[in-house]
Amino acid sequence: MTGEESPAETSERLAAWLERLGLADQLGAAGLPTLHRDGDGHARWTDPRTGEPLGADQLADLDRLLHAEGDEPEHAVPVPLVQLAQQARVRAELVASPWHDYASLAALRGATLEATRFDVHKAAGAHRLLVVSREQAMVPAFQLDAAGRVRDELAAVLTTLLGAGTDPWRAWAWLTRPAALLGGLVPEQAAADPETTALVRHVAVRLAERATATG
């Protein structure tokens, strides 16, 4: 951050700062130069476009960019990286929760793999089933009943959210975590309670309207 600092010092300062914040792993996802440490523990920065090490000017540009948030650059936090880190943590929690692939869902339904795959694609296309694409299609288990079909009380909520273009990961997270607009209730659980089902649907409509407006 000072004119007296050498490129090597800038490199190490930025690396230590991001590692201390737990944000070093989010650089690539943000389209920024990536960081690794060589066998001697020295910070090495790589240009994602060329695969080449960063030059002194590029390091200086990266330093300014990462410290651009807030009125006091020396105390700034790279907000986009924080957001990506939070998103990564939430997704890791979701992936660790119960979900089905085509084979396990077919077994639950007592149906063939081909029929299950077809039905999942059809239901997802009609916004009646929440399906997340990762290395494979993931069908979160919370939305299903014991027979592997969408729970009746969630059908309208799913259609509302997914039909508005809500990102499936975001819908999964909202439905399964305490929601501020529901006073801390978990939406998928609140939907099963007759006293709060209508409230969940109402909030889902509001979120869908927001997604449509920002989409």
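**H3 against H7.** I looked up how helix H3 (79-96) and helix H7 (residues 168-176) pack in this predicted model. Their axes come within 10 Å and cross at roughly 75°; axes are lines fitted to C-alpha atoms, for helices over the stretch in contact, and angles run from 0 to 180 degrees between N-to-C directions. H3 and H7 are therefore roughly perpendicular to each other (65 to 115 degrees; under 35 counts as roughly parallel, over 145 as roughly antiparallel, the rest as oblique). Helices here are DSSP runs of H or I with at least four residues, strands are runs of E with at least two, and both are numbered from the N terminus.

From H3, Val90, Arg91, Leu94 and Val95 meet Trp169, Trp172, Ala173 and Thr176 of H7, contact meaning heavy atoms within 4.5 Å. I sorted the residues of this contact into six nonpolar, one polar and one charged. Nonpolar covers Ala, Val, Leu, Ile, Met, Phe, Trp, Tyr, Cys and Pro; charged covers Asp, Glu, Lys and Arg; the others, Gly among them, are polar.

As the model is predicted, local features need pLDDT of at least 70 and side-chain atom pairs count only at pLDDT 80 or more, while totals for chains, interfaces and linings use all residues.

**Aromatic pair.** I found one aromatic pair in the structure. Trp169 and Trp172 are stacked, at 5.7 Å centre to centre and 20° between the planes. The rule is that rings of Phe, Tyr and Trp (its six-membered ring) pair if their centres lie within 6.5 Å, with planes under 30 degrees apart stacked, over 60 edge-to-face and the rest tilted. Trp169 and Trp172 are three residues apart in H7, so about one helical turn separates them. Trp169 is buried at 9% relative accessible area, and Trp172 is buried at 1%. Buried means under 20%, exposed over 50%, partly exposed in between (1.4 Å probe, protein chains only).

**H4 against H5.** I then checked helix H4 (residues 102-109) and helix H5 (residues 113-125), which pack at about 105° with axes 9 Å apart. H4 and H5 are therefore also roughly perpendicular to each other. H4 brings Tyr102, Ala103, Leu105, Ala106 and Arg109 to the contact, and H5 brings Leu113, Thr116, Arg117, Asp119, Val120 and His121. These residues divide into six nonpolar, two polar and three charged.

The charged end of Arg117 sits over the ring of Tyr102, 4.9 Å from its centre. The test asks for NZ of Lys or CZ of Arg within 6 Å of the ring centre and within 35 degrees of the ring normal.

Leu105, in H4, is buried at 0% relative accessibility. Leaving aside residues up to four places away in sequence, Leu105 touches His100, Thr116, Val120, Val139, Leu144 and Gly148. Leu105 and Leu144 are 39 residues apart in sequence and 9.9 Å apart C-alpha to C-alpha.

**Loops.** I looked up Asp47 in the loop between strand S2 (43-46) and helix H2 (56-66). Asp47 is buried at 5% relative accessibility. With residues up to four places away not counted, Asp47 touches Glu52, Leu54 and Gln58.

Ala68 lies in the loop between H2 and H3 and is exposed, at 53%. Its C-alpha atom is 9.5 Å from that of Val79, eleven residues apart along the chain.

His127 is in the loop between H5 and strand S4 (132-133) and is partly exposed, at 31%. I noted its phi near 65°, positive in a residue other than glycine. Most residues other than glycine have a negative phi.

Key. Residues are numbered from 1 along each chain as its sequence is written. Side-chain values use heavy atoms; hydrogens and water are left out.
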